[in-house]
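Subject: Structure handover

Hello,

Here is the structure I promised to pass on. Please open it first, then read my notes below.

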Amino acid sequence: MVVDTRNVVFFTVFFFVVHYLLIRWREKIRNSTPIHVVTVSEMAAIITFVGSCIYLLLYFGTTLVHHTHFSDDEEAEETKNHSAIGCKFDVLLTHAEKKETTTGEDEEVIQAVVSGKTPSYLLESKLGDCKRAVFIRRVALERITGKSLEGLPVDGFDYESILGQCCEMPVGYVQIPVGIAGPLLLDGMEFSVPMATTEGCLVASTNRGCKAIYVSGGATSVLLKDGMTRAPIVRFATAKRAADLKFFLEEPLNFQNLASVFDRSSRFAKLRKIQCAIAGRNLYIRFTCSTGDAMGMNMVSKGVQNVLEYLQANFPDMDVIGISGNYCSDKKPAAVNWIEGRGKSVVCEAIITEDVVKKVLKTTVASLVELNMLKNLTGSAMAGALGGFNAHASNIVSAVFLATGQDPAQNIESSHCITMMEAVNGGRDLHVSVTMPSIEVGTVGGGTQLASQSACLNLLGVKGANKEWAGSNARQLAKVVAAAVLAGELSLMSAIAAGQLVKSHMKYNRSNKDISAKF
Ligand code: ADP
């Protein structure tokens with residue numbers, strides 16, 4: 001009930017006149033004055049009494065009717081929702097209803113989602129309007145959870161572009177700032193490297209590494225291998241039968257046949273290698289194929305499916321347990337990727353002159369060589385590292401992956417890296433290199449086609465498919481990733497050698513704002 005000033009006035013007047021009339025009535029009884037003989041002031045009090053009664057009856061009557069009307073339909077629905085969502089509705093209304101203005105039509109759909117009548121995942125196909133689906137899902141979610149999504153932006157994003165490809169059941173998008181490190185001089189070309197990160201210091205540090213590389217004449221890279229992998233697991237009744245298939249698959253005379261079956265998956269798929277591992281009667285078959293400018297997981301999986309169907313004719317007793325048997329190995333730390341490679345294998349090197357080490361990196365060649373030996377090699381060996389013989393390759397890999405629409409989960413194997421630092425030219429200059437066997441990147445497919453990620457790929461000159469030489473955009477991107485890692489390694493290692501790490505992180509990475517809970 002809303003208590004406004006008018007109601008207060010009428011209530012006050014009502015009680016005042018009732019009080020006055022009661023006093024007058026008592027006096028009339030005491031003085032034996034007939035009750036129907038009234039003075040002017042009594043008459044005025046009676047009129048005021050009747051007036052205020054009419055007003056109050058009308059006001060409360062209307063509210064009651066309105067209330068009853070809602071009880072019949074919406075409130076019945078609300079009551080139902082109450083039980084369905086654990087009686088959070090009252091709290092929810094304070095959050096969601098106040099902040100989002102919904103039309104009657106939207107309101108109906110929101111109610112249906114909240115009550116569970118309409119599954120949230122069907123909104124896009126039911127409404128045929130991605131943006132509206134996001135809005136409705138978001139309001140429904142706020143009501144169901146009782147939590148506000150204020151701060152998570154919803155406008156300014158093309159939700160059609162992610163439909164059926166990048167993200168299901170969207171309610172908004174997360175913003176990550178993009179910084180630029182560079183120019184990065186690599187193989188005679190200059191690159192401005194986009195890095196999406198919230199870690200202070202990271203872009204600044206990589207930028208310093210880029211400068212050291214630039215003034216030393218640039219970095220050089222070589223692509224050693226290019227092949228995405230997928231390894232299904234198949235089982236036989238005996239280990240002997242599993243071995244029969246292993247020998248069949250590894251027989252060079254059979255390769256061409258198998259490749260022609262595999263390559264039907266895409267005009268860009270080219271089977272390069274088949275490698276088998278046996279565990280008892282189970283066989284793991286690691287297929288490696290080049291995938292053009294795509295990172296290639298879909299392509300390789302489709303090719304594997306083709307081959308398994310083909311093999312079933314010759315090995316009818318083969319039981320396909322799963323299209324992926326983890327010998328691939330995707331998104332998990334595994335020695336097979338570190339040793340055999342996955343995606344693009346790249347080595348990148350630079351010679352940093354003594355002068356630059358002193359002036360730009362503020363340290364010495366001897367300190368860097370010693371630190372690298374004791375930290376990246378010995379320290380990582382002591383820790384039992386798997387592909388982690390570096391200072392912070394994954395920092396740079398993740399930031400470039402996020403900016404360019406790569407699969408961030410593949411940061412795991414893509415960050416495998418051994419950083420080497422050796423004194424050359426009579427001990428004066430520094431030879432620095434990073435060897436990265438599993439950089440998994442693409443410039444078509446997945447998140448690469450989204451507007452912001454696409455803009456970052458464009459900045460690097462590797463947007464989309466390379467029309468002249470399929471795959472060269474993705475390969476170039478892998479080389480840029482490795483070179484950016486080289487810059488990052490140089491700079492961080494120098495900061496540690498010079499004892500600056502904690503100081504610079506305190507300055508750029510630690511907020512001195514009051515971050516005590518605002519909500
Ligand atoms: P992924 O295999 O990395 O998951 P997708 O299958 O989503 O990638 O994307 C690859 C798609 O892009 C395929 O349909 C392929 O035919 C198409 N495509 C167009 N040009 C190229 C190219 N240059 N290299 C690889 N794929 C390309």
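What volume does the largest pocket have? It comes to about 1200 Å³. Keep in mind that this is a predicted model.

**The largest pocket**

Start with the lining. It is made up of 43 residues. Nearest the centre of the pocket lie Cys166, Gly405, Gly446, Gly447 and Leu450. Three helices each supply at least two lining residues: α11 (297-314), α15 (393-404) and α17 (451-459). Which of them gives the largest share? That is α11, with 4 residues. Sorted by class, the lining of this pocket holds 23 nonpolar, 16 polar and 4 charged residues.

**The ligand**

Next, look at the ligand.

- Asp293: a backbone N or O atom lies 2.7 Å from a nitrogen atom of the ligand.
- Gly296: a backbone N or O atom lies 2.6 Å from an oxygen atom of the ligand.
- Met299: a backbone N or O atom is placed 3.2 Å from an oxygen atom of the ligand.

How much of the ligand does the protein cover? On its own, the ligand has 570 Å² of accessible area, and the protein covers 73% of that.

**Aromatic pairs**

Searching the whole structure gives 9 aromatic pairs. One of them is formed by Phe14 and Phe49. This pair is stacked. The ring centres are 5.7 Å apart, with 20 degrees between the planes. Phe14 sits in helix α1 (residues 5-31) and Phe49 in helix α2 (residues 40-72), so the pair ties together parts that are 35 residues apart in sequence.

**Backbone points to check**

Why look at these spots? Most peptide bonds are trans, and most residues other than glycine have a negative phi. The places below depart from that pattern.

- Gly182 and Pro183 are joined by a cis peptide bond, with omega at about 5 degrees. Pro183 belongs to strand β1 (residues 178-186).
- From Cys328 to Ser329 the peptide bond is also cis, and omega is near 0 degrees. Ser329 lies in the loop between β7 (319-322) and α12 (335-340).
- Cys201 has a phi near 90 degrees, a positive value in a residue that is not glycine. The loop between β2 (189-196) and α8 (202-215) contains Cys201.

That is what I have for now.

Best wishes

Methods. Residues numbered from 1 in each chain as written. Predicted model: local features only at pLDDT ≥ 70, side-chain atom pairs only at ≥ 80, totals over all residues. Heavy atoms only, no water. 1 Å grid on protein atoms, 1.4 Å probe; cavity = no way out; pocket = protein on both sides within 12 Å on 5 of 7 lines; lining within 4 Å. Points joined across faces, edges and corners; volume = space filled by probe spheres on them. Nonpolar A, V, L, I, M, F, W, Y, C, P; charged D, E, K, R; others polar. Polar contact = N/O pair within 3.5 Å; in protein donor to acceptor, adjacent residues only side chain to side chain. Areas by Shrake-Rupley, 256 points an atom, 1.4 Å probe, with all protein chains shown as cover. Phe/Tyr/Trp six-rings, centres within 6.5 Å; stacked < 30°, edge-to-face > 60°.
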